[in-house]
Amino acid sequence: MSKPIKPGKTRQSAIEPVRLRARDYAVTPDDISQSALQIVDRLEQAGFQAYLVGGCVRDLLVGGHPKDFDIATNATPEEVRNLFRRAHIIGRRFRIVHVRSGREITEVTTFRAHHEEGSAVEAASSEHGMLLRDNVYGDIESDALRRDFTMNALYYSPLRGEITDFTTGMADIQARQVKMIGDPVTRYQEDPVRMLRAVRLASKLGFDIEEQTAEAIFDLGHLLANVPPARLFDEALKLFMSGHAAAVYPELRRFGLFSWLFPETGELLTADPIADPLIQQAAVNTDERIQNDKRVTPAFIFAVILWPAVVARQKRLEEDGIPAVPALQQAAQWVISRQVQRVAIPKRFTIPIREIWEMQLRLPRRNGTQAFRLLTHPRFRAAYDFLLLREQAGEDHQGLGAWWTRFQEADEGQRNAMVSELQGSGRKRSRKRPPRKRKSDGQ
Ligand code: ATP
Ligand code: MG
């Protein structure tokens, strides 16, 4: 049986809801997708309560464009499913209903309570005080209080033109702050991912994190080690692939969270002068690409984040006498196998990540047909971008990146000339160079 959590601590005392005229805050049904409006309509006609809630209301209030519209209702998942033709109950941790119309999917969630109000069978918590399952249904007020931040607990009824605020959501949005509902320490213990959400949403919205909500994070990063790695992967994607990575990354470091997500890299961020600028630059570039609707792959940013750890490990293996290529391969294997225990990066990304790394050793070798072959490698473009990034971050590769830029732009004849020039200068240089010392010399 699950361990009950002491009531009282996690709940704010019930306060009178404040009802606000949505129009006064420039929120109108025109801002809401047609399908979401129809779903709310249908639920209300069937006698249920239905509201738009969470990120969409918040984003509208700060003048943003919501990426999706979530609905909260007092209808159970089964009741919701029975009302709509194309509706499916999904989720294990939270049972929610996906209602489809056209290509749009709207999430409909039943009001939930904090689990101490429901039966111990439906809600479970781990020994760390984390919520494992949270399927206890409740009313709108309990639903508001179990949400994470006040700004995420506003309920908009397009039919009544009203926003209901059970906490201090509207005031906090106006003060531009992320404030936890209830006691921050308890709420982070229940679900440590809330720490990442605080950082991500503050960076995305340009908000501050309210003092106590922020203070608690500094001491609680270690709780992330108890979160299932698959969930941390989903969250890591949101942190780095939502167009705000450049703001998120330094905040993760400031709160000491980065090292809990990426322990191997985190450990050497202060010692390695290239690591931090490399990741920061990759974050800037990723945001820029998203801004310009260019393709981004998580493989690239994860390759960058883990690269400093791979290089450090490779160096140690080389010092033990292992040649560069197998040393890099072993280092890659070692870093990835440790990383996936914390953030479960799936195989479909770890394979290209390794290829990007291995290509870093091949890019300097351009003699004969090598450069031509590399150019046709499916991972060439990512590996080349990776090289440019390393140079941007302060590594000196004697113009290697610029050489590859010219090589790609050149025609066949020019490419041949570039390669022979390389061989020419290579021969000249090798004549001047003293015979290479073998590692075993002098031992
Ligand atoms: P965005 O979609 O812009 O990333 P969001 O706030 O909409 O931000 P979702 O993950 O879509 O984030 O969650 C929808 C709503 O569910 C949130 O606004 C919040 O009210 C609630 N919520 C999400 N995650 C948690 C959590 N870990 N603990 C408590 N409430 C949560
Ligand atoms: Mg959302």
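A: What follows describes the shell around ligand 1.

This is a predicted model, in which local features need pLDDT of at least 70 and side-chain atom pairs count only at pLDDT 80 or more, while totals for chains, interfaces and linings use all residues. Residues are numbered from 1 along each chain as its sequence is written, chains are lettered from A and ligands numbered from 1 in the order in which they are written, and side-chain values use heavy atoms, with hydrogens and water left out.

Ligand 1 is surrounded by 17 residues (a residue is near a molecule if one of its heavy atoms lies within 4 Å of it). The closest are Lys 67, Asp 191, Arg 194, Arg 200 and Lys 204. Lys 67 has a polar side-chain atom 2.7 Å from an oxygen atom of ligand 1; a polar contact is a pair of N or O atoms within 3.5 Å. For Arg 194, a polar side-chain atom lies 2.8 Å from a nitrogen atom of the ligand. In the side chain of Arg 200, an N or O atom is 2.8 Å from an oxygen atom of ligand 1.

Taken alone, ligand 1 exposes 590 Å², and the protein buries 85% of that (accessible areas come from the Shrake-Rupley method with a 1.4 Å probe). Two or more residues of the shell come from each of helix 2 (55-61), helix 7 (193-205) and helix 9 (229-240); helices are DSSP runs of H or I, at least four residues, numbered from the N terminus. Helix 7 gives the largest share, 5 residues.

By class, the shell has 13 charged, 3 polar and 1 nonpolar residues. Asp, Glu, Lys and Arg count as charged, Ala, Val, Leu, Ile, Met, Phe, Trp, Tyr, Cys and Pro as nonpolar, and the others, Gly among them, as polar.

How values were computed: A polar contact is a pair of N or O atoms within 3.5 Å; within protein, one must be able to donate a hydrogen and the other to accept it, and residues adjacent in sequence count only if both atoms are side-chain atoms.
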